[in-house]
Amino acid sequence: MKFDHFKMLVEMMFQPDGAGGVLQRYDDVDVRQLNPLVLAYVGDAYFHLYVRTRLLSYEQAKVQALHSFSAQIVSAVWQAKAYQKIEDKLTEEEKAIFRRGRNAKSHAPRSSTVAEYHASTGFEALLGSLYLSEQNERLYEIAEMSFQVISQAMMQEIRSKK
């Protein structure tokens, strides 16, 4: 993003409220009306934090190792695999949110297939929706199921390459 564009966004978004703070544009968030890519944006942040925190039960000193593992786990490839394994444990409403995210128009990076990237976007949209609607118990449950699926699949993949 060019500096002029960034400057315009800051001026547009962070309007003074007259009391020394910043004017809030929206009073609440209607999760059902949000663009699925916005849901995925929030879900991606949540899953990153969840995974990083979860990895602390295995390693607490080596930041490089933590970063390497977390980057792998939150990749589109592994998220797509996790979704496939947990799909049958989701409600119809959760599957519908996934489909909204999966079908959103976005561009896949080269590190995954288009199908994997779209599936991971759907997965992240589901997490983002649960987070924003404060369904914390279900959010944690899905994140933990996904973490377990990914970690077990990673172990299998490494063992099969021996």
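**The packing of the helices**

Author: The cover over the buried residues of α2 includes α3, α4, α5, α6 and α7. Buried here means under 20% relative accessible area, exposed means over 50%, and partly exposed lies in between, with a 1.4 Å probe and protein chains only. The model is a predicted one, in which local features need pLDDT of at least 70 and side-chain atom pairs count only at pLDDT 80 or more, while totals for chains, interfaces and linings use all residues. Residues are numbered from 1 along each chain as its sequence is written, and side-chain values use heavy atoms, with hydrogens and water left out.

The setting may be described before the details. The protein has seven helices and zero strands; helices (H or I, at least four residues) and strands (E, at least two) are DSSP runs numbered from the N terminus. Its C-alpha atoms fill a box of roughly 65 × 40 × 30 Å along the principal axes. Of the 162 residues, 36% are buried. Where contacts join residues at least 6 apart in sequence, 66% of them link residues at least 24 apart; a contact means heavy atoms within 4.5 Å.

Helix α2 has 20 residues and reaches 28 Å from its first C-alpha to its last, close to the 28 Å expected at 1.5 Å a residue. The expected span is 1.5 Å times one less than the number of residues. Among the buried residues of α2 are Pro36, Leu39, Tyr46, Phe47, Tyr50 and Arg54. Glycine 21 is partly exposed, because its relative accessible area is 31%. Apart from neighbours within four places in sequence, glycine 21 is in contact with Gln15 and Pro16.

Serine 146 belongs to α7. With a relative accessible area of 0%, serine 146 is buried. Beyond residues up to four places away in sequence, serine 146 touches Phe47, Ala82, Ile86 and Phe123.

Two packed helices are described by the angle between their axes and the distance between the axes. Axes are lines fitted to C-alpha atoms, for helices over the stretch in contact, and angles run from 0 to 180 degrees between N-to-C directions. Angles under 35 degrees count as roughly parallel, over 145 as roughly antiparallel, 65 to 115 as roughly perpendicular and the rest as oblique.

The axes of α6 and α7 come within 9 Å and cross at roughly 150 degrees. The two helices are therefore roughly antiparallel. Phe123, Leu126, Leu127, Leu130 and Tyr131 of α6 make this contact with Arg138, Leu139, Ile142 and Ser146 of α7. By class, there are seven nonpolar, one polar and one charged residues in it; Ala, Val, Leu, Ile, Met, Phe, Trp, Tyr, Cys and Pro count as nonpolar, Asp, Glu, Lys and Arg as charged, and the others, Gly among them, as polar. The loop between α6 and α7 holds glutamate 134. Glutamate 134 is exposed, because its relative accessible area is 63%. Its phi is near 60 degrees, a positive value in a residue other than glycine.

Helix α4 meets α7 at another angle: the axes come within 9 Å and cross at roughly 115 degrees. Therefore α4 and α7 are roughly perpendicular to each other. Their crossing is right-handed; a crossing is left-handed if the near helix is turned anticlockwise from the far one by less than a right angle, and right-handed if clockwise. The residues involved include Trp78, Ala82 and Ile86 of α4, together with Ile142, Ser146 and Met154 of α7. This contact divides into nine nonpolar, two polar and three charged residues.

Finally, α4 packs on α6 at an angle of about 65 degrees, with the axes 8 Å apart. Therefore α4 is roughly perpendicular to α6. Here α4 passes α6 in a left-handed crossing. Residues including Val77, Tyr83 and Ile86 of α4 meet residues including Tyr117, Ala119 and Phe123 of α6. Eight nonpolar, two polar and two charged residues make up this contact.
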